[in-house]
Amino acid sequence: MLSSQQMHSATINGVRIAYSDTGGDRPVALLVHGFALDRRMWAPQIEPLAKELRLILPDLRGFGLSEPGPAGPLTMGQHADDLLALLDYLGISEAVLYVGLSMGGYTAFEFWKRQPARARAMVLAGTKATHDDAVRREYREVMARDAEMVGSSAPALELMWPLLCSPSRPLHSEIPQKLRVIMEDQSARAIADGQRGMAQREDSVPMLSGIDIPVLVIGGMDDLLTPPDESRLMASKLPCATLHLIPNAGHMSNMEAPEEFNRSVLEWVAELGAK
Ligand code: MLT
């Protein structure tokens, strides 16, 4: 767990954003969580990665302990604007290692579109560059309306939570239960506005060939939400990609296979340093 000294908050683009910062003068890594979660999902990464990197872990607006801001879809562009403003607030002008899982990966594309010079490399885990088809958009709208109706994250727990981990992992086991606790803490607005924001994503596949920095693409072989073919597609189009598919892991590979995930990131970071 993150210690209380590492917890901070700042007003970013008019909204109180909570974040953790492991500090120090190591190269900066920005760890961006998925939906419907918050920075607590990165707990298995903190200790191992903080030995080599200064970790900044925000709760995206509307999620975790961050304020939601004005009502309306939480777009990936808005999240990217907040992340860039958070780096400005922290006085971090160096290009960072951007690490995003799922929605955090969707946001990476908007981050890159805005200020490519602010990323020196990326880890795109359990994510995809493709956008939603009509069926997916409808599914998101149904979940958004249900969340508003019941006033909680219950619809996300019902529809999405069982799909987060590898099907080989019993839902009563430790990791699904940890995820359940985090999801239960998210507000109805985070679910509704978050789903509507993700539904507005553009297709990022055409931009992949222009992302000319090193990218480590990590996918769980059992990922039901962003299947391995999405990782393969990104790796095939990105000019400097390394693909790592993790067996027996689902969407949450960083939690389900933390040792393999962390080793993959650290070995790749070491190679980057050597180049
Ligand atoms: C996530 O983990 O961020 C979500 O599964 C993304 C999505 O719903 O597309």
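Modeller: A cavity is a set of points, on a 1 Å grid over the protein atoms alone, where a 1.4 Å probe fits but cannot get out. A molecule sits in a cavity if more than half of its atoms lie within 2 Å of its grid points. By that test, the ligand sits in the largest cavity. This is a predicted model, in which local features need pLDDT of at least 70, side-chain atom pairs count only at pLDDT 80 or more, and totals for chains, interfaces and linings use all residues. Residues are numbered from 1 along each chain as its sequence is written, and side-chain values use heavy atoms, with hydrogens and water left out.

Around the ligand (a heavy atom within 4 Å) are Gly34, Phe35, Ser102, Met103, Tyr106, Arg136, Arg140, Met160, Met198, Leu225 and His251. This shell has six nonpolar residues (from Ala, Val, Leu, Ile, Met, Phe, Trp, Tyr, Cys and Pro), two charged (from Asp, Glu, Lys and Arg) and three polar (the others, Gly among them). Helices H3 (103-114) and H4 (134-150) each supply at least two of the shell residues; helices here are DSSP runs of H or I with at least four residues.

Note on methods. On a 1 Å grid over the protein atoms alone, a cavity is a set of points where a 1.4 Å probe fits but cannot get out, and a pocket is an open set with protein on both sides within 12 Å along at least five of seven lines; lining residues have an atom within 4 Å of a point.
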